[in-house]
Amino acid sequence: MARYTRIPGSIALITLTNPPVNALSAAVRQGITDTVSRAVSDPEVKGVVLCGENGKFCGGADIKEFGGQMKGPHLVPMIDAIEATAKPVVAAIEGMALGGGLELALACHYRIAHVKALLGLPEVALGLLPGAGGTQRLPRLIGVPAALDLITTGRHVSAQEALKLGIVDRITAGNTLEVAAEFVRSVSAEQRLALPRLSTCPTPCPPDLDSFLERAMAQVRRRARGALAPVACVQAVRAAATLPYSQGMRVERELMATLFKSQQARAMQYCFFSQRSVGRWSTPSGARWDNSSPLPVQNAAVIGLGTMGRGIVVSFARAGIPVVGVEMDAKQLEISRRAVTSMLERDARRQGAELPEGLVRFTTDLRDLREVDLVIEAVFEDMALKKRVFGELSSVCRPDTLLCSNTSTLDLDQLAAATHRPELVVGMHFFSPANVMKLLEVIYGSRSAPAAVATAMQLGKRLGKVSVAVGNCHGFVGNRMVLPYMSQANFLVEEGATPEQVDQVLEEFGFSMGVFRMSDLAGLDVGWRIRKELGLTGPGVAPGEPARSRKGSRYSPLADLLCEQGRLGQKTGCGWYLYDRPGGREAKPDPWMRGFLEEYRSSHGLRARPVDQQEVLERCLYALVNEGFRVLEDGIAAGPEDVDVIYVLGYGWPPHRGGPMFHAAAVGLPAVLDRLEHYHQAHPDVPGLQPSALLRKLVARGSPPIHKWREVIKNIRSQL
Ligand code: 3H9
């Protein structure tokens, strides 16, 4: 759909109308084709302004059409026809011009953007490349280095940056349509004869093009972690830089055709839709949090200003929500105040804005929280301490104040029981650093009111997070699943692998970091404390109890032994790896580890054996996946998409592999079941390898596609 109107000055105004983002569906493409040809053939019309309804230019090709048969006019010839018109066409960009939307604007002869508009070619995040001429026109407009950056990262740029880069001709804080119309009117007869056509421009290239592209390709491959699209983006831009336009377009088309059919593109598009759908769900019990209205949150407080607490405070400030930071120790409060202020000042400098006054306050006095709408507790992960804080909050805060915990593993119901308002207690589990990470697990306790959960979910969205509601159990979804995954990595090292070998296999699969590098970064003491709390290690464990079997199942004490020796990871300069200094980042294999492992194996009667890549990958991933099925079985997550979003956004799972549950479906559920059975037979003392009932059930039902799993899960109990 595209609306055609005549506006003063003999101008045709073409408005894309396909809410919410005016995506280029078949009907929109047809509409644009028809209205452009009407404007071209109308002798009264001197020029065209192209805009989008509701202040949004265009969000790109309609992603929902990608799975099916392509109908209507194709995007490329439609866009080429616009560039070829003899009448000036100006894109009036408000809101956003993304993907195919920007490609459409690039084919227009001029671009006027509103100052608040965002522009970009984010196709790479969908496993694709800008396949409607974007890889060929953008480098011709702004040069190879800048185009390569935008196309391979998919980042959105502000109107100001777009102007600086030369993507748009003018920006305005006023009425974009009027400025665009004025622009068309002002195009002189001479300019009309030479309308800018990017398809006929040469591409500005750096002088050392070959070595520049080689370096760019090496960097992109490193960052891509096995994703095909960023690599294809470089190849397409190389074509723009080295071939005539028509040949470059052929390369773009061929690369796009390969990506379009790829499993990776399917995985990334699944991620896109999952991240938007996880906030809505229905449950077997019929309870839906989104039937209840969220409570208003006009201000908030955060207790505990460690790294996590500070990040949460910054997130509130960025969202413009007044927040009080609380720390009991005055010296610690001062350190935190300085850290938070410097982060916010950096933000303000970047945006050329002033630091807003009075948005963030700091206090050591809990009584200052008497009037806040919501409190997030982010103190040390210690049940007794957290209970005390919740008890105090319960007596200090208004009776309708929501009390949230940032706990990553502890039982929310116990915290709720420490208050007089268990129905207003929910978990808000942020991921570190909280001002960067997009994920928020919202924990639904057994007594949490749906409205309280709805409030936390909506607040997460306001903070720019993707909120996923999860049930209450040890570790919720993310940390619960990570345990069997990490255990397998430890067992593999006991059996003969090295930490670096395990990490390498996982990083080659696409994880941002392997298990051991990740543990070193987080600090080995984090897991150690949790294991002590669970009674798996520490003084509570009987000395005679065999180290290799705790509570009847296999347990690896390797990480505990490292902690006992003060090897806590990066912060102590050694952990699973060696660092050049405490706080160092570069992990090097530690020669000490060899002797340590040999001694450990000999004292536990273990003989090192060669462990191959396949075993590392299957045991680590399938243990994780299996726990994911159990999470679904227990009703801790509403569906496979929820689990996958948590893993992609919070645990470094490669988006081009969709998420653990998507991956299991892609490998084939019978194959996953078969391998789990095999490994469980070999390791009967590892319950994490025993195939879950849900996996068996899905296989017995013929392995339905992932979007149908909920129909099978429906019969299983839900905690949501
Ligand atoms: C492309 O263009 C390929 C071409 O190069 C070549 C082709 C040959 N299509 O995110 P939100 C829906 S590939 C269909 O919550 P926001 C979205 O699903 C495309 N639907 O809002 C949601 O639906 P629902 C390149 C789309 O304000 C609703 O709109 N473009 C599309 O937070 C609201 O979305 C992109 O990659 C679409 N293109 O953010 C841009 N876009 O309400 C992808 C959105 O049912 N889109 N929807 O859940 C975005 O990044 C964000 O949606 C945007 C708005 C920034 C636009």
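Colleague: Why is glutamine 570 called buried?

Modeller: In this predicted model, glutamine 570 has a relative accessible area of 10%, and because buried means under 20%, glutamine 570 counts as buried.

Colleague: Where does glutamine 570 lie, and which residues is it in contact with, leaving aside its neighbours within four places in sequence?

Modeller: Glutamine 570 lies in the loop between helix 22 (558-564) and helix 23 (591-603), and, with those neighbours left aside, it is in contact with Asp520, Leu521, Tyr579, Arg581, Pro582, Gly583, Gly584 and Arg585.

Colleague: What makes helix 25 roughly perpendicular to helix 26?

Modeller: The axes of helix 25 (residues 640-650) and helix 26 (residues 660-667) come within 7 Å and cross at roughly 115 degrees. Angles of 65 to 115 degrees count as roughly perpendicular, and therefore helix 25 is described as roughly perpendicular to helix 26.

Colleague: Which residues meet where helix 25 and helix 26 are in contact, and how many of them are nonpolar, polar or charged?

Modeller: From helix 25, Pro640, Val643, Asp644 and Tyr647 meet Pro660, Met661 and Phe662 of helix 26. By class, this contact has 6 nonpolar residues, no polar residues and 1 charged residue, and Asp is one of the residue types that count as charged.

Colleague: Which residues touch the most other members of the largest nonpolar core?

Modeller: Among the 101 residues of that core, they are Leu369 and Phe629, while helix 24 (residues 613-633) supplies the largest share of the core, 10 residues. Not counting residues up to four places away in sequence, leucine 369 touches Ala301, Ile303, Val324, Val326, Val375, Leu393 and Cys397.

Key: Residues numbered from 1 in each chain as written. Predicted model: local features only at pLDDT ≥ 70, side-chain atom pairs only at ≥ 80, totals over all residues. Heavy atoms only, no water. Core = buried A, V, L, I, M, F, W, Y, C linked by side-chain atoms within 4.5 Å. Buried < 20%, exposed > 50% of the residue type's maximum accessible area, 1.4 Å probe, protein only. Helix = DSSP H or I, 4+ residues; strand = E, 2+ residues; numbered from the N terminus. Contact = heavy atoms within 4.5 Å. Axes fitted to C-alpha atoms, helices over the stretch in contact; angles between N-to-C directions. Parallel < 35°, antiparallel > 145°, perpendicular 65-115°, else oblique.
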